[in-house]
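Please read it alongside the model shown here.

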Amino acid sequence: MTDSAHHPTTTATHLIESDGGVQAAARTIANLSRIALDTEFHAERRYHPELMLIQIASPSGEAWIADPRQCDLRPLIRVISTRSVLVHAGQEDMAILHREAQTAPTNVLDTQIAAGLIGIGYPARLGHICESLLKQTIDKRATLSDWSRRPLSQQQLAYAAQDARILFDLHQALD
């Protein structure tokens, strides 16, 4: 995983596995005007997709990976819902957040929709858009991994953080 020039300040990744961690992350994220957001979920053999992770990144590259199997993420989702949010193909993410906490962000920029509007095609995969606009290949090997298994592997954590972090560079290129 290569960190891009857009967030040189920090690339710290915080794994949130406790209610205290949720509260600390929520306090920090409440001070950010814009965040990038992604989720991992399982939809197979389920009436509603089951949330497995929420990934959040700041413009500086700091990332939070929140585990709903370990803690109550509703306070974090409520804070996320008040921020300006970058997502990629975020329709399902927003529906999941709303189902989990009865709220979801309303100030959302979806890079998949934006890529379609500038002629890259719709729907376009995140990797395709990154290759087209950023000339950067992103590691997608963990995409279909079993997100329900704990502990999460280092490869899964790196992938999860990257999928949120890359959205800032992608937004800048799309803009």
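Contact, as used below, means heavy atoms within 4.5 Å. The model is a predicted one, in which local features need pLDDT of at least 70 and side-chain atom pairs count only at pLDDT 80 or more, while totals for chains, interfaces and linings use all residues. Residues are numbered from 1 along each chain as its sequence is written, and side-chain values use heavy atoms, with hydrogens and water left out.

1. Overall fold. The protein chain holds six helices and six strands; helices (H or I, at least four residues) and strands (E, at least two) are DSSP runs, numbered from the N terminus. Read from that terminus, the order of elements is β-α-β-β-β-α-β-α-β-α-α-α. Among contacts between residues at least 6 apart in sequence, 61% join residues at least 24 apart.

2. Along the principal axes, the C-alpha atoms fill a box of roughly 40 × 40 × 30 Å. Of the 175 residues, 49% are buried, where buried means under 20% relative accessible area, exposed over 50%, and partly exposed in between (1.4 Å probe, protein chains only).

3. Strand E2. Seven of the nine residues of E2 (residues 34-42) are buried, so this strand is largely enclosed by the rest of the structure. Strands are said to pair if DSSP finds at least two bridges between them. E2 runs antiparallel to strand E3 (residues 50-57), to which seven bridges join it; in this pairing Asp-38 stands opposite Gln-55. With strand E5 (residues 84-87), E2 pairs in the parallel sense over three bridges, and the bridge partner of Arg-34 in E5 is Ser-84.

4. The largest pocket. A pocket is found on a 1 Å grid over the protein atoms alone, as an open set of points where a 1.4 Å probe fits, with protein on both sides within 12 Å along at least five of seven lines; lining residues have an atom within 4 Å of a point. The largest pocket contains about 490 Å³ of space; grid points are joined across faces, edges and corners, and the volume is the space filled by probe spheres set on the points. Its lining comprises 19 residues, with Asp-38, Lys-140, Thr-143, Tyr-159 and Asp-163 nearest the centre.

5. Composition of the lining. E2 gives the most to the lining of the largest pocket, with five residues. At least two lining residues come from each of E2, helix H3 (91-101), helix H5 (126-134) and helix H6 (154-174). By class, the lining divides into seven nonpolar, five polar and seven charged residues; Ala, Val, Leu, Ile, Met, Phe, Trp, Tyr, Cys and Pro count as nonpolar, Asp, Glu, Lys and Arg as charged, and the others, Gly among them, as polar.

6. Tyr-159. Tyr-159 lies in H6 and counts as buried, at 5% relative accessibility. Leaving aside neighbours within four places in sequence, Tyr-159 is in contact with Glu-40, Asp-139, Lys-140, Ala-142, Thr-143 and Trp-147.

7. Cis peptide bonds. Most residues other than glycine have a negative phi, and most peptide bonds are trans. The bond from Tyr-122 to Pro-123, however, is cis, with omega near -5°. Tyr-122 is in the loop between helices H4 and H5 and is exposed, with a relative accessible area of 55%. Beyond its neighbours within four places in sequence, Tyr-122 is in contact with Gln-112, Ile-113 and Gly-116. A cis peptide bond also joins Arg-150 and Pro-151, where omega is about 0°; Pro-151 is found in the loop between H5 and H6.

8. Positive phi angles. Gln-102 counts as exposed, at 56% relative accessibility. Lys-135, also not a glycine, has a positive phi of about 55°. Lys-135 lies in the loop between H5 and H6 and is exposed, with a relative accessible area of 69%.
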